[in-house]
Amino acid sequence: MTAITNTAPAASGFKITEWIFTTDHKRIAILYLVGTLAAFLVAGLMAIGMRLEHLSPGEDGIMQFFVGDIGKNMTTASAYNTALYFHGAAMILGFLIPGLTGFAANYLIPMMIGAPDVAFPRINALSVWLFWAGIVVALLTFVIPDKPDIMWTGYAPYAITTAGNTAFYVFTVHLIGVSSILAAVNFLVTIIYMRAPGMGWNQLNMFVWSSFTAFIIQLVFVPVLAAAVTLLLFDKYLGTGYFDASRGGDPLLYENLFWFYSHPAVYVIFLPAMGLLYEIVATQAKNAIFNYKVAVYGGMCGIVAMSGEVWIHHLYVTGMPDWLRIGMSVTTLLISVPVGLMVISLWGTLYKGSITYNVAMWYAVLCMVLILLGGLTGIPLAITSMTVHLARTTYVTAHFHFIMGLMATYSVFGTIYFWFPKMTGRSADSAIAKIAFWFNFVGTQVTFWPLFIIGVQGMPRRYATYEMFPQFVSLQQLATVGAFLTAVGVLLMVAGWIISAIWGPKVSTNPWGSKSLEWTHTESPPGPGNFLKPVTVSADWTPYDYHAT
Amino acid sequence: MRLRTKLGALLVALCGASPGLAEEANYGANGIISPTVAWKETWSEVLTDITVIGVVFAAIAIYLLIKYRATSPNAVGTATKLSLDKAIAWALVPAALFMADDFMLAAKGWTLWNIQRTVPANALEVTVTASQWSFEFDYGNGVKDDTLVVPVGQPVVLRLVSTDVIHSFGLVDYRLKEDLVPGRVNHLWFYPDKPLETFVTCMEFCGDGHARMNATVKAVPKADFDAWLASHKKKASLSIPNTYASAAAAPSL
């Protein structure tokens, strides 16, 4: 291994060129963080717009402002559809996946495995800038006249026949997809070849394992999505007929290809989110991971093995063969086995622990609530005959927001609090952070419980207006109140981060008393090369070895 | 390795027993099982199942989070590494329990699915054509209308087609839906067991008119249905000749 030189951490002064041309994984992580938070805030604004629109069953006439149509050239429905497209696409492709596999993976993995950087630092820089290009193309939605309105799924033939700009959707997927594939190769190579001497596979941090498995999924499945949206582009702009039934194509081919990637993509989000929770919970409980090998090889690897055999549950009511709809109902239900093993392992990590509560731990507890509520409400959606009613209702919306969207979102927020002292040398556990947490906790529940309830009663999702369902108006309004509580929480939280980064109390290099390498062997913030001298670990070392104190 | 032998036996027993836990569905008065009634029954069972699991896991979490609070800032956890037998047990026993529940739910779901997909022989057949943003109902005897009127007491099977993009036939009050996909003929059936005026609403995103794409669905007594059909037949017969005249003039292939 090359000699590691360490300059003074956090060299004073800010030079923009140092950030643009950086190949340092920690700075690249921060670039990911800024981009993902920008995507999150704009996509969150769209959610607020949609919730406001649902204050009454009819048209409220404010939706246009949210998508930048100040002159009100668009109809309310059209503006709503654009907002919903952007909300979904930006949250998943611009925030959740790059927040976990871009920001968190970049900042933490090299340090957790004792490496000075990733295997291919310049390819890593290319990844983050491709991601930024994807974000910019997505944001162009708000300035072009023919705004995309095809949901994040882009189903054919609507995406082909719509007057909206499907190309911008396709190019966003292409840019972020190439970024993801490069990142997947980079991190798989890094984890395989750049672990500190002596570090075996059973000594890896849970987050490293969870990212490893997530990157395998990305590498295998992202090309399928890229192919699907490319064919969509050809159909719309070059006159091909891959998804056009009148010319021998099949609209369901698109749905199959799309979900063949996009269901595994859920695990690309779920796995690293769980990995981060393990880090926070194990450190705060000062305990080893309960049943580590079963959680890794049964849980995480089990999910990877099963991830490609369940996608039909997104097509339960599309007319796929009856036997296939039943077969994938069984495989989908069986996902509960690896997920359940991980849940037991996470719960078990608390057993006989010595738990201290910081803000990150509170977010971990919120995530545990969301795993239970979101995971269990997924069981009816695994059963084909149940989805004959529940599919395409707000029940589904609430389910995936809990288990995927918000569970992962709050694990990213918890991550920011937990590693804030590492990134800045200061603590972000302020009074503002605690107030913001409770707004987020309560707001999330108040937003989505009503959507579960009206969903079971049949409220369709993706409805700009709901004149056919006036009986749901009060619960819709309650959900809007919840969204506003969450918005207050998020704004307080971001304000708290900025304040803490500048004025927050300085803390030691290892304030939570972790045993993981990024805490025990680096400065806060770490300089280039991460470690003052090359790290080696002994055969009995683990990142959760609290008894050895 | 006696523990492992016992665990293996437990796993086999649980997996084997679970399909037997699925119940027979209740049959309706005239031998027809309403998929609507069956859905509601199965839903309440599934809801009970997930509620029990949720309460158990939530209770354990709350207990652990409170019980194991740190006694001093520097205290560390006291959990010891699991022995090999215990580690395997903590994988196989939960896996067996989860799988038992999965197979039980799959069996219940499959029972309901068979009801939903097995169309009774005497069903009234109607073709539904969706296009942005309306439904049209074709009774196959020249009667076409934008309202679906069906007789109480007779199962109805719908042939679902689309002329433009994907739509979905969401029959909320009957707890049923199936997509209308260009190039395919999908189907669903329902059993109007009592008079009811409700609606079908589009449940797959199809553009600006999506939220307002709906049609009235009326289940009326048999006599009223016959009268309605007769009056529409009369109307249809007045307009049909033109349509069929041009069709007949076209050379047959």
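# A guided tour of chains A and B

Start by colouring the two chains separately: 70 residues of chain A and 69 residues of chain B make up the contact between them, where two residues are in contact if their C-beta atoms, placed from the backbone, lie within 7 Å. On the chain A side, these residues comprise 39 nonpolar, 24 polar and 7 charged. Here Ala, Val, Leu, Ile, Met, Phe, Trp, Tyr, Cys and Pro count as nonpolar, Asp, Glu, Lys and Arg as charged, and the others, Gly among them, as polar.

You are looking at a predicted model: local features need pLDDT of at least 70 and side-chain atom pairs count only at pLDDT 80 or more, while totals for chains, interfaces and linings use all residues. Residues are numbered from 1 along each chain as its sequence is written, with chains lettered from A and ligands numbered from 1 in the order in which they are written.

Next, select helix α10 of chain A, residues 292-307. (Helices, H or I of at least four residues, are DSSP runs numbered from the N terminus.) Look for a kink of about 25° centred on A:Cys301; the bend is the angle between axes fitted to the seven residues ending there and the seven starting there. Among the buried residues of α10(A) are A:Tyr292, A:Gly298, A:Met300 and A:Ile303. Buried means that 20 or more other C-beta atoms lie within 10 Å of a residue's own. Show α8, α9 and α12 of chain A and α3 of chain B too, as their residues are included in what covers these buried positions.

Now move to A:Thr349, in the loop between α12 (336-348) and α13 (359-376) of chain A. A:Thr349 is buried, with 27 other C-beta atoms within 10 Å. Its contacts, not counting residues up to four places away in sequence, include A:Tyr278, A:Ala285 and A:Phe290.

Then select A:Ile269, A:Tyr363 and A:Met407, which touch the most other members of the largest nonpolar core, a set of 253 residues. Such a core is a set of buried Ala, Val, Leu, Ile, Met, Phe, Trp, Tyr and Cys residues joined through C-beta atoms within 7 Å. Helix α4 (residues 76-112) of chain A gives the largest share of this core, 24 residues.

Finish on A:Tyr363: leaving aside neighbours within four places in sequence, A:Tyr363 is in contact with A:Tyr410, A:Phe413, A:Gly414, A:Tyr417 and A:Phe437. For a last stop, a second, separate core of 6 residues includes A:Ile326, B:Ala38, B:Leu112 and B:Ile115.

Conventions: Helix = DSSP H or I, 4+ residues; strand = E, 2+ residues; numbered from the N terminus. Buried ≥ 20, exposed ≤ 12 C-beta atoms within 10 Å, placed from the backbone. Expected span 1.5 Å × (residues − 1).
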